[in-house]
Amino acid sequence: MLKSKTFVKKTRSGGVRKIVREHYLRDDIWCGSEVCQSCPQDSTVLQRNAYMESSLCSSPHYLIPDTNVVLHQIDILEDPLIRNVIILQTVLQEVRHRSAPVYKRIKDAIHNAEKHFYTFTNEHHRETYVEQEQGESAAELHDRTIRVAAQWYTEHLKKAQTAEDLKVILLTHDGKCKEKAEEIGLVSYNCEEYIKSLIANPELVDRLALKSEENNESDRGKILFPEHLPLSKIQAGIKSGRLLQGTFRANRDNYLEASVFVHRDGEEDVEVLIQGLRSLNRAVHQDVVAVELLPKSEWAAPSSVVLEDEGPKEDENEDEKENILKSVASEKMLKPTGRVVGIIKRNWRPYCGMLSKSHIKEATKHLFTPADRRIPRIRIETRQASALEGQRIIVAIDGWPKNSRYPNGHFVRNLGSAGDKGTETEVLLLEHDVPHQAFSQAVLGFLPKMPWSITEEDMKNREDLRHLHVCSVDPPGCTDIDDALHCKDLENGNLEVGVHIADVSHFIRPGNALDQESASRGTTVYLCERRIDMVPELLSSNLCSLRSNVERLAFSCIWEVNHNAEIVKTRFTKSVINSKASLTYAEAQMRIDDASMNDEITKSLRGLNRLAKILKKKRIENGALTLSSPEVRFHIDSETHDPIDMQTKELKDTNSMVEEFMLLANISVAQKIYEEFPEFALLRKHPAPPPSNYDILVKAAKSKSFELRTDSAKALADSLDAARAQGFPYFNTLLRILATRCMMQAVYFCSGMDSDFHHYGLASPIYTHFTSPIRRYADIIVHRLLAAAIGADSTYPDLMDKHKQAALSNNLNYRHKMAQYAQRASVAFHTQLFFKSRGILNEEGFILFVKKNAIVILIPKYGLEGRVFFENKDKNNPRLTFIEEIPALTVEHHTFHLFDKVKVTISLDSSNIQHQKIRMSLVEPVIPGVSVSPQSAQDCEPEAKKTKLDC
Amino acid sequence: MATVQISEAEKVYIVHGVRDDLRVDGRGCEDYRHMEIETDVVSNTDGSARVKLGYSDILVGIKAEIGRPRPMVPDEGFLEFFVDCSANATPEFEGRGGEDLGTEISNTLYKVFNNPHSVDLRALCISPKEHCWILYVDVLLLQCDGNLYDAISVAVKAALFNTRIPRVQISEDDEGTKEIELSDDPYDCMRLSVENVPCIVTLCKVGQRHIVDATLQEKACSKACLLLSVTSRGTVTCVRKIGGGSLDPESIFEMTETGKRVGKALQSPLMELLQKEESLGKKRQKVGFLG
Amino acid sequence: NMAGLELLSDQGYRLDGRKPSELRKVQARMGVFAQGDGSAYIEQGNTKALAVVYGPHEVRGSRGKALHDRAVINCQFSMATFSTAERKRRPHGDRKSSEVSQHLKQTFEAAILTQLYPRSQIDIYVKILQSDGGNYSASVNAATLAVIDAGIPLRDYVCACSAGFVEDTPLADLCHAEEAGGGTVLSLALLPQGGQIALLQMDARLHQDHLDTLMEAAMTACRSLSTVLDRVVREHLQEVTTLTAE
């Protein structure tokens, strides 16, 4: 059965090393085709009826794409139309090395049973193994290997003698490879010509990546950009210090300007300014680039001009604009300036945006304007331009030749009409990289089979706590209940308090597709009217949700505490609970307050509430911060799903009661897992902010003659408490809102990779997340660690690998950040919808920040923040004097300070369909020429109605 | 076994035999025992060879690594030798027991092979003063049955013949930084010319005569030996007296003459054999230790 | 390659094309050297080991080492300097090889009927000529054959094999890339007839629940190896008897 062959491989790691590996060839690798009679295979993937209406090939056929086709045309391969594809091991491995995202996508396609993608392990098949020949390069060998496998399939399927003439088509991008394939009698097409031949499905053509254009760039148009340096030269240049490596960040407001953040070990980070098209040299936001610094005499200052790329015009115009950038700048403002000389790594992703249809009627080439202003416009080729107008679409960049003003790309997907709620939600999910596709079959396959019930096996290592009077307290409408509580008196006079958390790690086993998907998603994302689950609904809203009156598996943290809320004993156990009630915060509060109620649940709640108050007091005494950020909540119309009311969230005692015990559980668990796994505990820390972060806060307090102390969290908390202005009750809240903005982001980390564990905001030396495993992946890991620590479950290698855990933490931190941004974007969009229906409103607000040419205003009623600009492109600008130290801004004769009360009108500005925004205009104080007269919604036609979005 | 002890009577028998040009195993004074050579026996080396001479069994593996040229000769690569007198050969070598013998042999090998007359050391230079190939020639003694030097030298020569050094290219950028680039064609290799690589002939003075390729028993009867390295043209590149006794100038002269003759005669069948083996290419059935 | 190696493909093939429970190709020969009392050579894939046995003979060095009721087993494991991808600076004496020497000693103390040779010594020397994972296992298997070649009575063949985990699948007989790929490696030496374990070694962390599966995989592999070794011994005997008959 086994044949042994050795092959030689040399790797480079400082020197040259000869590596010998065995390579076994097999006779038992089957073809996977339904028509085959010679392979004794149990199951098949490739269908008998592989019809595809093509003008090139009338008979049914299987496709074999080469590596470049998979890498560049993955959008095509993913299309549901494309089925019965043979993915060679050679191709799959190469894709794995070249692009992790494409590898994941092609694997998903292979797992999708409806796609009928078959992986053929050609390199271990006795008849398709190919040995490198003398003088053959690795690339040539690679291509030949693919041809040999294609030839084998052709011959192999011929033997099957079906009624239909089943063909095998090799898809390649490489002309030479195609030629050689035809020489040995293979059917081979260029990917483009094949896709174009699919007569029945012309829309597929749009999704083709524009690969070929880059090759014949020499004969088209003049060279606009300098050549990029090859990677080897870049590496040498970086080594010698002549070039700098950094991440390219395009300027949101000025398309001719960008900066490159250069991080060098042991040296201070530098920000290099890049100005002008030629210097930007085709770098796209987030690319890793190599820059060359210009001589000091050519350094420039960041311009404050807003420049929008208005599309292709005469070149002179462009130069003129670049000249604007170079205008007056004082010596002091000059920044290190450079130019991009090469690209180290492209970080292109599919971009959302809209088509700017060409003015020429028959044109097939159009410009696409991404929603993200930092991304350049992209030229795409499509025949459905008219249909795509006014739609939000996704476009991928294929390349950026040096003679092209814009990068070339291809159409990927239509999301729907712009302004449409569904479409806009999709856009904000995509733009924030939130994985939100339906769970794949491979993932769903790991869900428990329904009907589900607790088995004998499940009860192993598990305590029966069904008798306890456990209840859950959540916001109304909550379906993913991950925590429940109980409290009861013990005979010794102490109290027993239990926090019971959904046992998600019981259902999600390490390493399987379900686990990988959850780990990749990292968190559930809550948008205003939609929830993007981290785990499939069966788990999140059913099996893991600790609903009342059903038996659920839980992970319990049980304390014995005395009446001073001091912990006497802590223990952890996997358990089965049966919650007696699912309450809302309001319901729980009502029970506590209603003296007539004296059932077990209510008594339990009262006990919890009393303990929580003591715990909170202690925590605050320790220096924990209570900060506030206005959280907005929409009342959504049940039929139209439009927001009909907007208010800031109100907190009840019971909110804080649940929170207190969650914090306590998290801390107890953090201590336990760190004690058991000092190297591998997944913890959460919140670094203390650098003192300079507090500048604005201190200044704000000073404006009302309060001294804020920021040397410790405790000092800050105390001085914040003391800062209460007479007759200005909102002052303290404003300070706390500002303080929130000064804070650092809390992050997950692996205890073996860090030494600073402190959680600044909670004033706890150690902290982790344990209490929400349904919606946070970190909690699942923490559950697994805790389970291993108490001997209720096994460890597995990745859990005990601090590097892997650090990598996981990075992903989780990224996902959490993006989820937060997506949430904010969703709130912003719904705010816009709300104001669209309201027309123009007059509201009172406070100045939150004072800027050079604007003030930022917070409207407490809506928790809404907006800017009033005092500079306008076309109008005569008022006289502005800005004093940064205070800070204060004088407009004509009025001076604005922090926290000043103002009146504004609020309206929706939809002049740019892709970037609608809330506009605020000053009403009070009255500054002639600046402020506007108050308007009521009645006597002004809502502006939104004028520019209908979906026309 | 590195040495044997024999009785006086045995000694006399051996010495008398040598005097009559008829040795215990039937050989004449200038005859070698049966020798077996096989190259390319260890696949993860860049060159390897196994030589059996009598029961002496030698395995040589060569690994090429990139290093810095020596400051005195900035445009040459060099060879490094290590001789592992393994306990497999004899329990005497267990632990550090074989180290002295190993050092002695490797010093000699260094003298014989690591010079530009024997091996084209310049060909091993990649870029002067910066990069060169270092050939680590590792000798493994698996069994000792006398005349180690000769057997080892043949094995080293065969392994050098078998050595394939990956072809590298130096790319230089504007700053003058040099990068080493490897060809992705595994067949794209550099070979060393072994034309001038000498073989060692050890002559042992037994009684009044001298013999080549002494067995352990014969060695025990010998007072002193002379080691010569001889190229295919019969040029002597190194002479060294080894062993405890002394030799008169006359004997040294005679022994040198014999050594030249025998050494020259040894070279051509060796080269013939190596070339023949190579011409078989991939078809050759590798024997190794399974034969 | 940034992506690292994929140790087990979705199609269930390992790097070298084997299925998870398949062993590498095993080839072995006894009596490769004339001088020692017993010798053997084994190839398990690209791992090649040479074992030589001297003895039983009287105790070398200090007499104090001798045991009045059984033989002293003396083992030295070493590796040819060219045996690994990166050249080794010395063949033995490093921590790793001393450890393997110790393990070999323990393994063969459990397998050889040492009580038959009081006050004597048996030397087992193993040299790795080429290393591609499973050095200890190949050493044990080579030494077993060499001990048999030396005519020293054994309780049973001692067969050794390694096993490791990729996700939830146990892999038998790991090659170097698999050993280096992270994860736990377990080495096990088995006396197959009685199912006795002569040596068990595992360096990395593994949860107890997985130990059974991993041990089972290693033991199954050892059993298959024992049939191969048995065949080698029988063929060798056949060869020797026909030779002596002539």
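Colleague: In this predicted model, which residue does C:Lys48 stand opposite in E5(C)?

Modeller: Start with the general idea. Strands of a sheet pair through backbone hydrogen bonds, either parallel or antiparallel. Here, C:Lys48 faces C:Gln130 in E5(C).

Colleague: In which sense do strands E3 and E5 of chain C pair, parallel or antiparallel?

Modeller: Antiparallel, over 9 bridges. Strand E3 covers residues 47–58 of chain C, and strand E5 covers residues 120–130.

Colleague: What is the strand order in the open sheet of chain C?

Modeller: Read across the sheet: E1-E2-E3-E5-E4. That is 5 strands, with mixed pairing. Edge strands pair on one side only; in chain C they are E1 (26–30) and E4 (72–79). From one strand to the next, the twist averages 15 degrees.

Colleague: Which strands does helix H1 of chain C touch?

Modeller: Helix H1, residues 95–111, packs on the sheet and touches E4 and E5 of chain C. Its direction makes about 145 degrees with that of E4(C).

Colleague: And which strands does helix H2 of chain C lie across?

Modeller: Helix H2, residues 135–149, lies across E1, E2 (38–44), E3, E4 and E5 of chain C. The helix runs at about 145 degrees to E2(C).

Colleague: Now the interface. How many residues of chain C are in contact with chain A?

Modeller: The size of an interface is often given as the accessible area lost when the parts come together. Here we count residues instead. Chain C brings 29 residues into contact with 26 of chain A. The chain C side has 7 nonpolar, 11 polar and 11 charged residues.

Colleague: How many helices and strands has chain B?

Modeller: Chain B has 5 helices and 14 strands. Of its 291 residues, 47% count as buried.

Technical notes
Residues are numbered from 1 along each chain as its sequence is written. Chains are lettered from A and ligands numbered from 1 in the order in which they are written. This is a predicted model: local features need pLDDT of at least 70, side-chain atom pairs count only at pLDDT 80 or more; totals for chains, interfaces and linings use all residues. Helices (H or I, at least four residues) and strands (E, at least two) are DSSP runs, numbered from the N terminus. A residue is buried if 20 or more other C-beta atoms lie within 10 Å of its own, exposed if 12 or fewer, and partly exposed in between; C-beta atoms are placed from the backbone. Two residues are in contact if their C-beta atoms, placed from the backbone, lie within 7 Å. Ala, Val, Leu, Ile, Met, Phe, Trp, Tyr, Cys and Pro count as nonpolar, Asp, Glu, Lys and Arg as charged, and the others, Gly among them, as polar. Two strands pair if DSSP finds at least two bridges between them. Axes are lines fitted to C-alpha atoms, for helices over the stretch in contact, and angles run from 0 to 180 degrees between N-to-C directions.
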